[in-house]
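Subject: Handover of a structure and findings

Dear colleague,

Please find below the structure that I am handing over to you. My findings follow it.

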2 protein chains.
Amino acid sequence: MQPALYLARSSMFEPAIGRAKVFAITETLGEDSVSWDEEEIAIHGYSELSTSNCEARPIAVVRPKTTEDVAFIAKICTAFKIPMIPFAGGSSVEGNFVAPYSGLTIDFSDMKRIVSFHPDDMDVVVQPGVNWVDLNKLLKNSGLFLPLDPSPTALIGGMVATNCSGTNAVRYGTMKDWVVNVTVVLADGNVIKTRHRPRKTSAGYNLTSLFTGSEGTLGMITEITLKLATIPEKQSVAVATFPSIREAAATASKIMRTGIQIAALEMMDETQMMVINKNGGTGGRLWEEKPTLLFKFSGTQRAIEEDVERVRTISSQHSGENFEFAKSEEEMNSLWAARKESLWAMLAARPEGTQIWSTDVAVPLSRMAEIIDLSKKESGQLGLFSSVLGHVGDGNFHQAVMYNPNDPEQKQSVRDCVLAMVHRAVEMEGTVSGEHGIGLGKKECLLEELGPETVGVMRTLKRSLDPHCLLNPGKIFD
Amino acid sequence: MQPALYLARSSMFEPAIGRAKVFAITETLGEDSVSWDEEEIAIHGYSELSTSNCEARPIAVVRPKTTEDVAFIAKICTAFKIPMIPFAGGSSVEGNFVAPYSGLTIDFSDMKRIVSFHPDDMDVVVQPGVNWVDLNKLLKNSGLFLPLDPSPTALIGGMVATNCSGTNAVRYGTMKDWVVNVTVVLADGNVIKTRHRPRKTSAGYNLTSLFTGSEGTLGMITEITLKLATIPEKQSVAVATFPSIREAAATASKIMRTGIQIAALEMMDETQMMVINKNGGTGGRLWEEKPTLLFKFSGTQRAIEEDVERVRTISSQHSGENFEFAKSEEEMNSLWAARKESLWAMLAARPEGTQIWSTDVAVPLSRMAEIIDLSKKESGQLGLFSSVLGHVGDGNFHQAVMYNPNDPEQKQSVRDCVLAMVHRAVEMEGTVSGEHGIGLGKKECLLEELGPETVGVMRTLKRSLDPHCLLNPGKIFD
């Protein structure tokens with residue numbers, strides 16, 4: 001079957017029939033569970049944070065409360081060929097939850113129960129609508145936490161679906177490393193659980209990892225067991241500036257090679273620092289407008305002291321200046337605030353009517369400096385205002401480019417700029433998406449990264465589990 | 001399609017036709033590449049280390065040298081419906097490489113090139129026939145290593161195929177955490193590469209993790225990029241004895257909860273210590289015959305000193321005695337030797353004519369002590385001699401039971417004993433295989449662990465990639 005023919009199955013969906021059948025869902029799940037409100041529908045089918053939007057909208061939004069509700073919805077949708085679009089926090093940026101073939105949005109925000117917590121096993125079982133910040137607040141007294149760090153508004157279901165990460169990944173890995181099992185409702189409404197709760201297994205296919213990062217295209221995740229880490233005894237933060245991106249990247253690379261177990265290793269370019277200053281700095285403080293590394297340390301007091309000294313030495317070997325180490329929790333928060341507020345600073349700094357195109361790639365560590373340098377030069381040449389933020393310990397960086405969406409020339413420029421960055425990442429043996437998934441926006445990029453044979457295997461797997469192409473159709477690949 | 005009908009496709013294989021076609025392979029790959037030698041065939045179709053053997057044997061053994069060779073073999077085998085059984089180090093124990101439907105064994109031991117090494121990216125690209133001990137010797141001067149620790153005879157291809165681990169898993173995770181990408185020859189001879197070399201990605205389905213641990217049933221792995229870790233500045237070892245398994249397990253659990261980053265955390269029961277003593281001890285030293293914990297520490301000198309003190313305190317809070325900390329590299333090796341030699345000690349200790357049934361399960365951390373206690377009691381009641389070895393930081397343990405394979409009653413007893421351990425692990429929300437895979441031996445156990453729906457999804461995926469059931473048929477599930 002050709003890709004086009006496969007996808008056509010979703011586009012044959014008849015909204016009128018869909019509407020009638022969604023009424024049937026209302027009858028079973030209750031009036032409150034389905035919304036036909038236009039504003040609600042608009043919020044679920046469009047994202048201001050994303051440049052990958054589309055014209056079509058879902059016909060309605062349903063809010064299940066249990067796995068059984070979701071299974072019932074899937075059965076109805078499969079019987080009447082209604083596309084199903086899972087929705088969690090809505091913070092993804094690659095058009096991961098828009099509805100290009102219309103269909104029914106399944107919003108998991110009402111499924112926010114903590115099902116069970118096993119402190120002695122260091123795991124917790126949650127529904128997909130739980131927010132990770134809330135979860136960590138609840139867990140705090142146990143001394144355990146989920147060590148991911150995506151958008152504060154992200155919900156666990158979406159975090160699993162996009163295999164998210166954030167600043168902690170250099171120390172703790174990405175979402176896939178913390179998922180013990182998932183309960184999944186398949187397209188036909190059957191329910192499976194990928195695993196029990198062992199911390200380690202080699203029994204059968206790794207279905208947990210297959211569903212993690214599959215963006216709702218293989219099944220809908222309705223329950224997740226998460227491994228938890230111990231909250232470090234202490235944390236601290238340091239900061240240093242560098243004469244160039246290259247020196248900052250070389251410092252990051254040396255830290256990784258030395259095996260220092262850094263808790264986070266973030267780079268912000270001079271533009272990003274300038275934007276923070278323009279926005280009033282952090283806590284009244286203004287920053288040097290130079291390539292800057294932020295280091296987070298964790299462990300015992302002694303271990304941190306030792307790590308800080310080693311990092312200070314490596315930094316100065318690479319012309320690092322203004323090395324500053326937080327001596328109190330207040331100082332730590334103040335230093336880290338520069339990183340935390342970077343996105344908001346960019347959003348606040350943009351002129352009226354402009355949008356931000358924010359995307360990310362990841363490359364092998366040794367190519368980091370080069371790709372950032374080239375990408376910055378290119379956006380500069382195109383006359384676009386852009387800043388760079390890098391999770392440099394992972395070879396992962398984000399470029400945020402400002403543009404006026406009503407100016408076709410600028411729109412094209414920003415698109416060219418992003419595509420050039422993606423091509424370059426692929427040439428450097430990297431990936432077109434480090435932590436945002438593929439969604440609607442990067443399908444062509446994925447094909448460029450992996451080639452038609454590898455994407456073809458993904459399609460074969462998808463077809464075997466979702467023969468009518470009803471689960472989040474039009475995402476990842478066509 | 002019913003499972004039986006699907007598998008029947010493999011059993012329809014005609015050895016006579018197969019032989020003729022394998023001659024065609026010889027013509028292309030060269031005389032040396034195919035062996036018809038009976039002894040060779042016997043070695044490849046049977047394992048003394050395993051209790052999951054079968055009567056059938058492969059028709060021949062082929063040794064490819066390149067991915068193209070493997071693709072050519074797959075095309076011939078698919079055209080003439082010849083089962084393909086990938087073979088690496090032959091150290092697996094669940095019958096992972098036997099040939100219940102006969103077919104052609106593809107031995108990867110001639111594919112042992114290190115394709116490329118990228119020290120600055122902290123990764124290495126290898127063929128599947130590379131031995132991990134050899135690899136680590138070659139990498140040593142770079143300060144990097146692959147932090148897995150399975151059988152010293154294991155080859156990378158088999159390690160990936162069974163998602164192996166070993167004593168380092170508590171600190172470094174399992175094989176899946178170190179595989180960046182795999183090149184795979186599919187059943188039809190098509191070749192895919194799952195990913196480039198980014199250290200982090202959220203682009204498309206995690207095919208790398210799907211092939212890792214799939215035991216050659218979805219494709220044949222012909223090249224692997226491995227992430228590498230920094231060799232710790234220093235290592236050390238300590239040992240302590242405990243009045244009971246429960247106290248030892250409680251100590252392990254407390255260490256994990258405290259977040260001490262232990263490099264290895266191994267338990268050996270009093271029987272295992274006795275066996276080591278019977279075998280002459282280690283380096284002339286005799287051990288206390290009590291439940292014993294071995295701790296491995298790694299990091300800087302200061303960090304190790306700090307960790308040792310914390311572990312000593314926790315041990316003494318749980319009635320730990322004879323806490324001994326290695327003060328030199330020699331002492332370290334001598335203490336660790338007890339763990340290293342445990343399997344050989346068991347093999348040496350077994351009376352003439354007996355065999356060892358060695359298997360493993362993993363459970364949530366809090367159930368560790370209970371399952372070991374119960375399993376030991378049960379094997380004792382059955383009159384069997386058995387010892388326990390646990391990777392207790394992961395909730396994973398091995399029981400080795402001695403029995404006379406010619407005594408049907410004993411054979412049944414050991415089988416009952418192993419099945420009881422597996423049932424118990426499942427009841428405790430654990431897994432039936434922590435690090436050995438499923439192979440031929442634990443198919444029923446996997447079904448018990450995950451249920452027919454979840455195993456059914458595995459079968460659906462397998463069928464989609466291998467419709468004629470030619471890749472290692474009869475393994476993981478029927």
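In what follows, helices and strands are DSSP runs numbered from the N terminus, a helix having at least four residues (H or I) and a strand at least two (E). Please note that this is a predicted model.

**Backbone of chain B**

Although B:Ser319 is not a glycine, its phi is positive, at about 60 degrees. For context, most residues other than glycine have a negative phi. The relative accessibility of B:Ser319 is 37%, and the residue therefore counts as partly exposed, since that class lies between the cut-offs of 20% and 50%.

A second case is B:Ile476, again not a glycine, with a positive phi of about 70 degrees. B:Ile476 belongs to the segment after H16 of chain B. Is B:Ile476 buried or exposed? Its relative accessibility is 0%, so B:Ile476 counts as buried. A positive phi, near 100 degrees, is also found at B:Gly280, which follows H10(B).

Helix H10 of chain B spans residues 270-278, and its buried residues are B:Thr271, B:Gln272, B:Met273, B:Val275, B:Ile276 and B:Asn277.

B:Ala349 lies in helix H13 of chain B. Although B:Ala349 and B:Ile276 are 73 residues apart along the chain, their C-alpha atoms are separated by 8.7 Å. Once residues up to four places away in sequence are set aside, B:Ala349 touches B:Val275 and B:Met402. B:Ala349 counts as partly exposed because its relative accessibility is 33%.

In chain A, helix H13 (residues 342-349) contains A:Ser342. A:Ser342 has a relative accessibility of 1% and so counts as buried. Beyond its neighbours within four places in sequence, A:Ser342 is in contact with A:Met268, A:Gln272, A:Ile276 and A:Leu389.

**Domains of chain A**

Chain A is divided into domain 1 (15-109), domain 2 (114-230) and domain 3 (234-428). The centres of domain 1 and domain 3 of chain A, taken over C-alpha atoms, are 37 Å apart. How many residues of these two domains are in contact? Domain 1 of chain A contributes 5 residues and domain 3 of chain A contributes 7.

About 490 Å² is buried between domain 1 and domain 3 of chain A, with carbon and sulfur atoms giving 39% of that area. On the side of domain 1 of chain A, 70% of the area buried against domain 3 comes from A:Glu48, A:Leu49 and A:Thr51, more than from any other three residues.

Between domain 1 and domain 3 of chain A there are 2 residue pairs in polar contact. The rule also finds 1 salt bridge across this interface. A:Glu48 forms a salt bridge with A:Arg350, their closest N and O atoms lying 3.8 Å apart. The side of domain 1 of chain A that touches domain 3 has 2 nonpolar, 1 polar and 2 charged residues.

**Interface of chains A and B**

The size of an interface is often given as the accessible area lost when the parts come together. For chain B and chain A, the buried area is about 6,900 Å², with 55% of it on carbon and sulfur atoms. Each chain brings 86 residues to the contact. In chain B, the residues that lose the most area to chain A are B:Lys200, B:Tyr205 and B:Arg257, which together account for 15% of what that side buries.

There are 14 salt bridges between chain B and chain A. A:Arg310 forms a salt bridge with B:Glu233, the closest N and O atoms being 3.3 Å apart. Polar contacts between the two chains number 49 residue pairs. Several elements of chain B each supply at least two residues of the side that touches chain A, among them strand S9 (191-193), helix H9 (245-258) and helix H11 (301-317). H16(B) gives the largest share of that side, 12 residues. By class, the side of chain B that touches chain A has 29 nonpolar, 34 polar and 23 charged residues.

With kind regards

Methods
Residues numbered from 1 in each chain as written. Chains lettered and ligands numbered in written order. Predicted model: local features only at pLDDT ≥ 70, side-chain atom pairs only at ≥ 80, totals over all residues. Heavy atoms only, no water. Buried < 20%, exposed > 50% of the residue type's maximum accessible area, 1.4 Å probe, protein only. Contact = heavy atoms within 4.5 Å. Domains from an automatic or database assignment. Buried area = accessible area lost by both parts, 1.4 Å probe. Salt bridge = Lys/Arg side-chain N within 4 Å of Asp/Glu carboxyl O. Polar contact = N/O pair within 3.5 Å; in protein donor to acceptor, adjacent residues only side chain to side chain. Nonpolar A, V, L, I, M, F, W, Y, C, P; charged D, E, K, R; others polar.
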